[in-house]
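Me: I have just opened this one and would like a careful walk through it. Could you take me through the chains?

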Amino acid sequence: MQFAQKLGAIIWKDFISEFRTKEMILSMCLFSFLVLIIFNFAFGLSLKFDRGMIAGILWVAFVFSGLTGLGRSFSMERDRGTLQGLILCPVSPWTIFLAKLIGVFLFTTVMEIITFFIFTILYNTTVLPFLVPLGLIIFLGTLGFTAVGTIFSAISATAKARSVLLSILFFPISVPVIIASVKATGIILSGNALQMVFPWLKILVAFDLIFLLVSYLTFAYILEE
Amino acid sequence: MKRTQTLLIPFQLLTYVLMLLALYTIFIYAPVEKTMGVTQKIFYIHVPAAFLAYLAFFITFMASIFYLYRKDPKWDTVAHCAVETGIIFCTIVLITGPIWAKPIWNVWWTWDPRLTTTLILWFTYVAYLMLRRAVKVNQRANLSAVFGIIGFLNVPITFFSIRLWRTIHPVVITSRGLNMSEPMKLSLITTFIAFCFLFIAMLIGRIRLERSKMHIEELKEIMDGMNFKN
Amino acid sequence: MDNSSYLFAAFSITWSIIFVYIFRLFRTQTALNDQIYKIKKTLQNISDLDVADS
């Protein structure tokens, strides 16, 4: 239970510091809202009928907004000088990674729920019959891209052009997650047979597992000085 | 260093000769393809370059693992140089691909899984070089190695997801099923070997350059040390 | 653009990229070699002076 306690402590710390200002959540939600609106102007009215494209817009809003939150998770530590303190704690690097991941994942999920709600209104999508499969896809997809983002956030934390580097590193690697999530969401929203989602589901699960495994093996090296 | 240096010149000469031989087989020995015409010959560059681009990144992958395991800077040098050489070949693939596609299918870019994965690969390794520039020197090797590993592992997953997304690559290049005549196969093999030699020559040249840079750093440190004494 | 123009474009771009890269490698390597030679000379001079002093 030592592990869970340490994990909880770090997550709680991040949660409390965010709760005081609510800055990150607010800006993430505002940004995703803006993305949804801008895409509507970019593509015009024909959108209302093409579920696949709408799924894409939803995920663009999720990912771009999530990225702003991700950039914060380690750079905040670095700016306040608390990164050294965190490394010196008697916790394994994997615990730090997992704690950061869960923290970002939770914040991103909150943002996604709010964004999703706005999305169903703006784009007139019926979602109630599909909530469970949608929830699963969004869970797996979010886990995928937040894991990628957390690792690269740690890598770029000490770099010069931090957020640019994070984006450059992030996008090529998250291509499979984005493709799979968008396609799966599109299939579900169009009301097609759920079996069609399975291959994409497999890709998402494979990606998440491989990525978490690689993070486990290599995170210690990222924190080394 | 001395011994490999004396082997280098004959190796480079051999590369040059093999390239000339390859060009001969492409333009004179191999017949012109019926349906695609003369532009089909671009394929003799495109395929070996693609194989070598992926090989280069595999080398980076292995070198990154060895670096994290052994912490020997030589592996970091190999990883870095392989990325550069790989980007050159990857660029060649991405340029010859569309030039080949345009006269045949009348589109510059097809979102075909192989070519698109190669595009993502290109971005991944450009990102690797950007990473090396942006981070502090003491962490550079570690972070590059981690990214080198992640980047390469991402390739098969990306390929499968894009393939699931769509497919239109010509059948002639499918794994071992080469729908080509004998002289064409021979030309391909010759060109392939010539490019392999070229790849090795370029990689070794780049590594040598990097070693020279490190050598200069060492010499400068010695010089500073001696000046300090005086 | 007729067919052989495409062929020409592909080959010339490929070889241009390769040649430019190799040429740059060669130039940097020569510059570095010169630098190494100069530094070694300087070190040689310094150690000769040391020997002369002691």
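**Chain C, then chain B**

Reply: In chain C, buried residues make up 7% of the 54 residues, a residue being buried if 20 or more other C-beta atoms, placed from the backbone, lie within 10 Å of its own. This is a predicted model, where local features need pLDDT of at least 70 and side-chain atom pairs count only at pLDDT 80 or more, while totals for chains, interfaces and linings use all residues. Residues are numbered from 1 along each chain as its sequence is written, and chains are lettered from A and ligands numbered from 1 in the order in which they are written.

Me: How many helices and strands does chain C have?

Reply: Chain C has one helix and zero strands, counted as DSSP runs (H or I, at least four residues, for helices; E, at least two, for strands) numbered from the N terminus. Its radius of gyration is 23 Å, well over the 10 Å that the globule rule gives for 54 residues, so chain C is more spread out than a compact globule; the radius is taken over C-alpha atoms, and the rule is 2.2 Å times the number of residues to the power 0.38.

Me: And what box do the C-alpha atoms of chain C fill?

Reply: Along the principal axes, that box is roughly 80 × 10 × 5 Å.

Me: Switching topic, what is the mean pLDDT of chain B?

Reply: The mean is 86, and 91% of the residues of chain B reach 70 or more, pLDDT being the predictor's confidence in each residue, from 0 to 100. Within chain B, confidence is lowest in helix α1 (residues 2-29), at a mean of 84, and highest in helix α2 (residues 43-70), at 94.

How values were computed: A residue is buried if 20 or more other C-beta atoms lie within 10 Å of its own, exposed if 12 or fewer, and partly exposed in between; C-beta atoms are placed from the backbone.
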